[in-house]
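Thanks for asking me to look this over. Here are my notes, point by point, with the model itself shown first.

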2 protein chains.
Amino acid sequence: MSYRIGVIQPNIVFGDVEGNMERLLKLVNALREWDLLVLPELTFTGYVFESREEAIEYGKRYMDESLKWMENISGEYGGGVVAGFVEHVHGKVFNSAAIAVDGEIKGVYRKIHLFYKEKEWFDPGDKEPFVVDVGKARVGIMICYDWMFPEVARILSLEGADVIAHPANLVYGYAYTAMKARAIENLVYVATVNRVGRDNRAGMDITFKGGSQIVSPKMEVLYRAGDGEEAGVVDIDLSLARDKRYTKLNHVFKDRRIELYKRLLKP
Amino acid sequence: MSYRIGVIQPNIVFGDVEGNMERLLKLVNALREWDLLVLPELTFTGYVFESREEAIEYGKRYMDESLKWMENISGEYGGGVVAGFVEHVHGKVFNSAAIAVDGEIKGVYRKIHLFYKEKEWFDPGDKEPFVVDVGKARVGIMICYDWMFPEVARILSLEGADVIAHPANLVYGYAYTAMKARAIENLVYVATVNRVGRDNRAGMDITFKGGSQIVSPKMEVLYRAGDGEEAGVVDIDLSLARDKRYTKLNHVFKDRRIELYKRLLKP
C-alpha cells in the first residue's frame with residue numbers, strides 16, 4: 001500500500017511571514033506530488049517570541065493567513081498538509097499544528113508539552129492527541145518537544161496512526177534518536193521535520209540545524225535531510241504500519257499489560 | 001554522587017549451570033569493585049527451552065542455586081547483583097531477574113512482556129515493576145523485550161529509579177537505540193547487559209551478539225561491550241539522574257500531562 005510523504009525543510013526568517021510563505025512555496029513547487037506534506041513547527045512566523053503578547057499579536061495577524069495557505073496548497077496539489085502555526089483563540093495562544101486535507105482544515109493539534117520559554121509565550125495544549133484520515137493513511141500529529149514523552153506517540157499509535165507527522169524546531173540531535181524508538185515501539189512511520197536558519201532576538205540566539213528524518217517501523221532512516229533548505233519525498237509502504245505483529249507471536253499493542261501500567265496515570 | 005556499575009557479559013552454555021557459574025565467577029573476579037553488578041537474562045541456564053515442561057524442570061532444579069549464587073556474590077563483594085534466572089513457584093514458571101543486596105535477595109522481577117516462544121515456555125509476569133535501594137542508588141529492573149514498551153522504563157523512573165538494570169538476551173540492535181531513548185526520556189542511567197554464545201537446540205539456532213551498553217541520562221554511551229565475553233565497570237554520577245529538569249523550565253515528570261494520557265490505559 002504505497003504512500004508518499006513529502007518533507008519541506010525551509011529557512012525561516014522571524015516575522016517575515018510573506019517572505020517565508022514565498023520560500024515555502026518554492027520548496028513545495030520543487031516536489032512533484034505527495035500524499036502527505038510535512039512542514040516544521042511555527043513554519044510561517046519563526047520561533048523566538050519576545051513575550052506572550054507578541055505571540056498573541058502574531059496569532060491575531062497571521063493565523064487565518066497561515067491556515068488559508070495550508071488549505072490552498074492541499075487543495076491545489078491534493079493530499080494532506082501539516083504545518084505549525086500560532087493559534088490564537090478566545091484570549092489563549094497555542095503552539096499548534098494544523099492538518100489540511102484536500103483544501104480543508106481537518107484538525108488542529110495544540111502542543112501539550114511546551115519547551116523552555118514557550119511556557120512564557122504559549123498556553124499548553126488542552127486536548128488529547130488525535131488521528132486524521134489523509135487518503136489511505138491515518139495521520140497523527142505531535143510537535144517538537146513532545147518527542148521527550150513516549151506517551152504522545154503511543155496515544156497516536158493506539159488511536160490508529162500509520163504515520164506520525166512531527167513538525168519541529170530542533171537544535172539538538174536527541175530527538176532523532178528518540179524518534180527511531182517511537183517508530184519501532186509503535187510500528188509506525190515517523191516524519192520529523194525541522195527548519196534551518198537562525199532566530200537571534202529577545203536575548204536568544206538559536207541556529208536550527210535541519211536534519212529532518214523519516215523513519216520506518218523497522219527503524220530504518222528512509223530520509224535524512226542536510227543542514228540547508230531542502231524538500232524531498234519518500235515512498236512508504238503503509239501495510240508495514242498496519243501489521244502490529246513484531247513477531248508471529250508478538251503483537252505490539254495486544255502485548256501491552258495495561259493492568260500493570262496504572263502507575264503511568266498516578267499523580 | 002559517584003556510583004559504580006559493573007557489567008558481566010558472559011558466554012552461556014545451555015544447561016551447563018555449573019560451568020556457567022564458574023565462567024561467571026571468573027568474570028566477576030576480574031572486576032575490582034562495584035556498587036551494582038548486572039548480568040544477562042537467564043544467566044545460569046541459557047535461553048532456548050524445548051518446552052514449558054523443560055523450563056519448569058530447570059526452575060525446580062536450579063532456582064535455589066541461582067539465587068544462592070547471587071546472594072553469595074553480593075555478600076562477599078558487597079553491593080547489589082542483578083541477574084536473570086528461571087523462577088518456579090506454585091506450578092508457575094517465570095522469566096525473572098532477582099536483585100541481591102549485601103547477601104540477601106531483595107526483590108524478584110517477573111518479565112511482563114514475553115518475547116516469541118517465551119510465551120510457550122513461561123507465564124507472563126504478574127506484578128508491577130518496582131524499585132529497590134542498592135547503596136546510594138534506587139535500582140529498577142526490566143528484562144530484554146520490555147525495551148519495546150516505554151511504559152516499563154517510565155514506571156520504574158516514576159517510582160524513583162536512578163539506574164535501570166536491564167538483563168537481556170539480544171540478537172538485534174534495535175534495543176540499544178531504544179534504550180538510549182529510555183535513558184533521556186526518563187533522565188535515568190540504563191545498563192543493558194547481553195550475553196554472547198549460541199543456543200542451538202529445539203529447532204532454534206540463536207547467536208547472541210553481546211554489545212552490552214550503559215547509557216547516561218544525557219544519552220551518552222558510557223560503556224559498550226564487544227561481541228565476546230567481557231566484564232567492565234563504569235563510574236556514574238547519580239546526581240544526574242536525580243535532577244529531573246531537562247531545562248531550567250522543564251521537569252521531565254512534572255511536565256507530563258496525565259489528564260491527557262487516559263488513552264494509555266484503555267483496552
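1. Between chain A and chain B, about 5200 Å² is buried, and carbon and sulfur atoms give 65% of that area. Buried area here is the accessible area (1.4 Å probe) that two parts lose on being put together, summed over both. On the chain A side, A:Arg263, A:Leu264 and A:Leu265 lose the most area to chain B, together 13% of what that side buries.

2. A word on the basis: this is a predicted model, in which local features need pLDDT of at least 70 and side-chain atom pairs count only at pLDDT 80 or more, while totals for chains, interfaces and linings use all residues. Residues are numbered from 1 along each chain as its sequence is written, chains are lettered from A and ligands numbered from 1 in the order in which they are written, and side-chain values use heavy atoms, with hydrogens and water left out.

3. Counting contacts (heavy atoms within 4.5 Å), 53 residues of chain A meet 53 residues of chain B. There are 10 salt bridges between the two chains, a salt bridge being a side-chain nitrogen of Lys or Arg within 4 Å of a carboxyl oxygen of Asp or Glu. One of them pairs A:Lys119 with B:Asp255, whose closest N and O atoms are 2.5 Å apart.

4. Polar contacts are pairs of N or O atoms within 3.5 Å; within protein, one must be able to donate a hydrogen and the other to accept it, and residues adjacent in sequence count only if both atoms are side-chain atoms. Chains A and B share 26 residue pairs in polar contact (both at pLDDT 80 or more). H5(A) supplies the largest share of the side of chain A that touches chain B, eight residues.

5. Do have a look at helix H5 (residues 174-186) of chain B. Helices are DSSP runs (H or I, at least four residues) and strands likewise (E, at least two), numbered from the N terminus. Just after H5(B), B:Leu187 takes a positive phi of about 50°.

6. Where does B:His113 sit? It is found in the loop between strand S5 (104-110) and helix H3 (118-121) of chain B. B:His113 is buried, with a relative accessible area of 1%. Its side chain makes a polar contact with the side chain of A:Tyr261 (2.6 Å), and another of 2.8 Å with that of B:Asp146.

Definitions and conventions:
Buried means under 20% relative accessible area, exposed over 50%, partly exposed in between (1.4 Å probe, protein chains only).
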